[in-house]
Amino acid sequence: MDVITTHLNADFDALASMVAAKKYYPDAMLTFPGSQEKNVRDFLATSNLSLEFKKLKDIDMQEITRLILVDVKSTDRIGKFSEVLDKEGLIIHIFDHHPF
């Protein structure tokens, strides 16, 4: 299973990055690792985006075969997803525009 996620307390930059990554990985699940900024939550509650966001509790971490991280490169900012980073065979793709 492919999962696209971002950093905790996701902002609009993170949301836009997730939507863009979905274009490259159309079969991947979109999942926030935790909370979103209030303005992002409000936007998602009222928008007509045709994307489905899975709840973190509905993701079986052991089923993840590819983890696509967007707008984040620090493992301490991806919440529960950091638990699968050592999983044998896991493929990790990182897309982040922040300097090292």
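Buried means under 20% relative accessible area, exposed means over 50%, and partly exposed lies in between (1.4 Å probe, protein chains only). By that rule Asp2 is buried, with a relative accessible area of 17%.

## About the model

This is a predicted model: local features need pLDDT of at least 70, side-chain atom pairs count only at pLDDT 80 or more, and totals for chains, interfaces and linings use all residues. Residues are numbered from 1 along each chain as its sequence is written, and side-chain values use heavy atoms, with hydrogens and water left out.

## The sheet

Strands of a sheet pair through backbone hydrogen bonds, either parallel or antiparallel. Here five strands form an open sheet, and the pairing is parallel. The order is E3-E2-E1-E4-E5. Strand E3 (53-54) and strand E5 (91-95) stand at the edges. Each has a single partner strand, so one side of each is left without a neighbour in the sheet. Helices (H or I, at least four residues) and strands (E, at least two) are DSSP runs, numbered from the N terminus. Two strands pair if DSSP finds at least two bridges between them.

Strand E1 (residues 2-5) pairs with strand E2 (residues 29-31) over two bridges, in the parallel sense. Val3 has Met29 in E2 as its bridge partner. E1 is also joined to E4, by four bridges, and these two run parallel. There, Thr5 has Leu69 in E4 as its bridge partner. Five bridges join E4 to E5, again parallel. Leu67 stands opposite Ile92 in E5. Four of the five residues of E4 are buried, so E4 is largely enclosed by the rest of the structure.

## Salt bridges

A salt bridge is a side-chain nitrogen of Lys or Arg within 4 Å of a carboxyl oxygen of Asp or Glu. The count comes to four salt bridges. One of them joins Arg66 to Asp2, with the closest N and O atoms 2.6 Å apart. This pair links distant parts of the chain: Arg66 is in strand E4, Asp2 is in strand E1, and they are 64 residues apart. Arg66 counts as partly exposed, at 24% relative accessibility.

Another salt bridge joins Asp96 and Lys73 (3.2 Å, N to O). Asp96 lies in the segment after E5 and Lys73 in the loop between E4 and E5, so the pair ties together parts that are 23 residues apart in sequence. Asp96 is partly exposed at 25%. Lys73 is partly exposed at 31%. Lys54 also forms a salt bridge, with Glu52, and the closest N and O atoms are 3.2 Å apart. Lys54 is partly exposed, with a relative accessible area of 31%. Glu52 counts as exposed, at 56% relative accessibility.

## A nonpolar patch

Phe12, Phe43 and Leu49 make a nonpolar surface patch of about 240 Å². Patches are made of residues with over 30% relative accessible area and no salt bridge; like charges are joined within 9 Å, and nonpolar side chains (Val, Leu, Ile, Met, Phe, Trp, Tyr) within 5 Å. Accessible areas come from the Shrake-Rupley method with a 1.4 Å probe; for residues, only the protein chains shown count as cover. Phe12 is found in helix H1. Phe12 counts as partly exposed, at 36% relative accessibility.
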